[in-house]
Amino acid sequence: MAIAGDYELRRFRPSRQGEEGYGQTREWIRAVGAGFYEKRRPEDLIARTAAAFVADGRELTGVYQPGPVPVGTFGPEVPVATFATFRKTLNAGYGALVPAHLVTAVTVRTSHRRRGILRRLMTEDLARAKADGAPIAALTASEASIYRRFGFGVATAERRVTVATGPRFKLAVPTDGRVEAADPGVLLNLAPVVFERAHRVTPGSIDRQDRYRHTAAGLWDRDGGGEDRALRAALHFDVDGVPDGYVTYAFQGWEHEPHTMEVRDLVAASPEAYLALWDFLGSLDLVRRIVWSEAPADDPLAWALDDARALRAEAAQDMLWLRILDVPAALEARRYGVDGALVLDVVDGLGMAAGRYRLTVAEGVANVSRADGETPDLVLDAAELASLFVGGVRATTLREAGRISEENPGAALAAERLFAVERPAHCLTHF
Ligand SMILES: CC(=O)SCCNC(=O)CCNC(=O)[C@H](O)C(C)(C)COP(=O)(O)OP(=O)(O)OC[C@H]1O[C@@H](n2cnc3c(N)ncnc32)[C@H](O)[C@@H]1OP(=O)(O)O
């Protein structure tokens, strides 16, 4: 298929090393690494990455130069652009797991940028996903300025926290269960089990791709180079002795003052497990500071600490971006804590979600119908509807930001109540 600038677009399933098609997969993986300025991956890591892509059920798209290329540059077998998708569930509140179409590995080679390749890839892909019945698409972005034009809105945020430990660290509340240090290797099989429990009770959570269990187990370091020998782990066991949380962490070295431990991953299936794991981190000897880049924007730790100023946080940043592909399917797939009704006028530059809809919630279950002749309560872009979807952003905040237009006084507050979820929304899956 020709694409802007006379390129050829190929969609394919990844192959494992030794299987037919592996060469194409290998070049595609190398192109993604180049697009994100990663270190060149050794062959064995490319093979493991390919195997993880197969496990995820990914579909890969490459954009290729069809004709001869200048001598000495990458050959025509190396894609100038990459794009991948796979399906996972999104926790949309009150335990409702909604199938989500995940977009990832979007790169366009520098010398081929700003010719419309991304626009073509994204608009075609979203249309295919909608035709295939996916109610919602999701991504995590390298820059916050790219994806709103395609109808994506920020649904959850994360922030980097620095927590003073030693004598300043004291929880004002008791914890329960038990935390024990463990070999990270156990997480190769245990991390997905614990994550699944956490995923089911955390609005905004996206189920994880295969790579996560390898990094949790210390088998892939962050550069993807090999074993992560700095990694340590601890497990939380609930009162029945069942593991329901884990943390992986790495010491930053004696030369860093104050001595700092970096949390790499912290997954907890209950608020008790979350605080108990923090209590464990706070009690590590010889350490005066814990840092974590993926902490929830709305963090119970800040409220559980005796000295709340022991926690310092940077400004929250966008984390999960969602894109409503089918308004009735998406809104009916989630669950609601209160009943109510709203007429929403959805504006969508790509047309997919555009229209006027009546959302009626009874006993927590939504019914959505077209409301073409009715007066809307709220006028909003598809991106803002996506932002409201897992309750991670308040509708009144979006109204005050000028992003939602309230046609009926009080409608933004009504929407905020309707879309509220049972726990703070947070996504721990970067993809
Ligand atoms: C989900 C993920 O994988 S996030 C990772 C995204 N990838 C990266 O950050 C890697 C480095 N960057 C790149 O590879 C490329 O610059 C991309 C993929 C971001 C953009 O690809 P391009 O083919 O140049 O984009 P394209 O020409 O289709 O532009 C589409 C629109 O997005 C805009 N745009 C593209 N990149 C950016 C950007 N970084 N910031 C703001 N706007 C952007 C363009 O101006 C254009 O706007 P318009 O259609 O409204 O006029």
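Strand β5 gives the most to the shell around the ligand, with 6 residues. The structure is a predicted model, so to speak of a local feature takes pLDDT of at least 70 and to count a side-chain atom pair takes pLDDT 80 or more, while totals for chains, interfaces and linings use all residues. Residues are numbered from 1 along each chain as its sequence is written.

Back to the ligand. The shell around it holds 22 residues, and V106, R113, L118, R119 and S142 come nearest; a residue is near a molecule if its C-beta atom, placed from the backbone, lies within 6 Å of it. The elements giving two or more residues to this shell are β5 (97-108) and α3 (117-131). By type, the shell splits into 10 nonpolar, 6 polar and 6 charged residues. Here Ala, Val, Leu, Ile, Met, Phe, Trp, Tyr, Cys and Pro count as nonpolar, Asp, Glu, Lys and Arg as charged, and the others, Gly among them, as polar.

The UniProt record, an unreviewed entry, puts a "binding site" at V106, T107, V108, R114, R115, G116, I117, L118, R119, S142 and E143. UniProt positions follow the numbering used here, feature names are shortened, and annotations may be inferred rather than shown by experiment. V108 sits in strand β5 and is buried, because 21 other C-beta atoms lie within 10 Å. The cut-offs are 20 or more other C-beta atoms within 10 Å of a residue's own for buried, 12 or fewer for exposed, and partly exposed in between, with C-beta atoms placed from the backbone. S142, from the loop between β6 and β7, is exposed, because it has 12 other C-beta atoms within 10 Å. Leaving aside neighbours within four places in sequence, V108 is in contact with V80, A81, R113, I117 and L118; contact is taken as C-beta atoms, placed from the backbone, within 7 Å. Strand β5 also holds A105, which has a positive phi of about 55° although it is not a glycine. A105 is buried, with 20 other C-beta atoms within 10 Å.

Y147 lies in the loop between β6 (136-140) and β7 (153-154), and F431 in the segment after α11 (411-419). Y147 counts as buried because it has 24 C-beta neighbours inside 10 Å, and F431 is buried with 21. Not counting residues up to four places away in sequence, Y147 touches L139, A141, F152 and W321, while F431 touches L102, T104, T140 and Q209.

What about the interior? The largest nonpolar core has 123 residues, of which I136, A138, L277, L322, I324, L385 and F389 touch the most other members. Helix α6 (residues 271-282) gives the most to this core, with 8 residues. A nonpolar core is a set of buried Ala, Val, Leu, Ile, Met, Phe, Trp, Tyr and Cys residues joined through C-beta atoms within 7 Å. Strand β17 (residues 340-347) runs antiparallel to β18 (residues 355-362), with 7 bridges joining them, and L344 stands opposite Y357 in β18. β17 also pairs in the parallel sense with β20 (residues 378-381) over 4 bridges, where V347 has D381 as its bridge partner. Strands pair if DSSP finds at least two bridges between them.

P376, in the loop between β19 (365-370) and β20, is buried, with 20 other C-beta atoms within 10 Å. The C-alpha atoms of P376 and D345 are separated by 5.8 Å, although these residues are 31 apart along the chain. E363, in the loop between β18 and β19, has a positive phi of about 50° without being a glycine and counts as exposed, with 7 C-beta neighbours inside 10 Å.

Methods. Two residues are in contact if their C-beta atoms, placed from the backbone, lie within 7 Å.
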